[in-house]
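Please look at the structure first, then read the points grouped by topic.

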Amino acid sequence: MAGLEGMEQPRPESGTAAGRWETPGAGADTPAPVAGGPLSGLDLVGEPTLDEVRLPSRPQSARIARRLTGCVLLKQWSLSPQLAEHAVLLVSELVGNAVRHTGARCFGLRMLRRRGWIRIEVRDPSRGLPCLMPVHEMDTSGRGLFLVDKLSDRWGVDLLPRGKTTWFEMRVGDR
């Protein structure tokens, strides 16, 4: 399922969809971040694998979201550098869309892992749907969802009562 053709239905905050996704830190094989540990520099913004991290809707927040993603994927989940690089790029694109196109004061970032998959979500209060546009070689903008479509295994949008969650999923090799 790529694009919006198979757009998933809104899901409750804690329902069956949330139950399918493991929250790292809850399992015995995934270490939780500790003070002075690999994620200690991110203590001020929160832990996106435990709960949604809320960031201000400013261009500078993309850097924070990229750093969070890289730290979680490389240091906490021990995933490959190439997968982390792709995920960081896709997070940057989704955050950029949330900052540029929604008019929101803030957005949320959440990362989930289950056997064989990761899922990264960006939530904002706008119900405006993102649109996958054709991309031409000389285009200087509008490539964000094209990249999400090409580099992720699945992506979509969940409409919420107040806003939406744009997400992507990528297959991962489990340890």
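What pLDDT does the protein chain average? The chain averages a pLDDT of 78, and 70% of the residues score at least 70; pLDDT is the predictor's confidence in each residue, from 0 to 100. This is a predicted model, in which local features need pLDDT of at least 70, side-chain atom pairs count only at pLDDT 80 or more, and totals for chains, interfaces and linings use all residues. Residues are numbered from 1 along each chain as its sequence is written, and side-chain values use heavy atoms, with hydrogens and water left out.

**Confidence**

- Confidence is lowest in helix H1 (residues 16-20), at a mean of 38, and highest in strand S3 (residues 117-124), at 97. Helices (H or I, at least four residues) and strands (E, at least two) are DSSP runs, numbered from the N terminus.
- Over residues 1-38 the pLDDT stays under 50, and the model has 67 contacts beyond four places in sequence for them. Contact means heavy atoms within 4.5 Å.

**Strands**

- Strand S1 (residues 53-56) and strand S2 (residues 106-114) run antiparallel and are joined by four bridges. Two strands pair if DSSP finds at least two bridges between them.
- Leu55 has Phe107 in S2 as its bridge partner.
- Seven bridges pair S2 with S3 in the antiparallel sense, and Arg110 has Glu121 in S3 as its bridge partner.
- S2 and S3 form a hairpin with two residues between them, and Gly116 in the turn has a positive phi of about 85°.

**Helices**

- Two packed helices are described by the angle between their axes and the distance between the axes. Axes are lines fitted to C-alpha atoms, for helices over the stretch in contact, and angles run from 0 to 180 degrees between N-to-C directions.
- The axes of helix H2 (residues 61-76) and H3 come within 9 Å and cross at roughly 155°. H2 is therefore roughly antiparallel to H3 (angles over 145 degrees count as roughly antiparallel, under 35 as roughly parallel, 65 to 115 as roughly perpendicular and the rest as oblique).
- On the H2 side the contact residues include Ala65 and Leu73, and on the H3 side they include Ala84 and Val91.
- For helix H3 (residues 81-101) and helix H4 (residues 144-151), the axes come within 9 Å and cross at roughly 145°.
- Among the residues making that contact are Leu90 and Leu94 of H3 and Leu147 and Val148 of H4.
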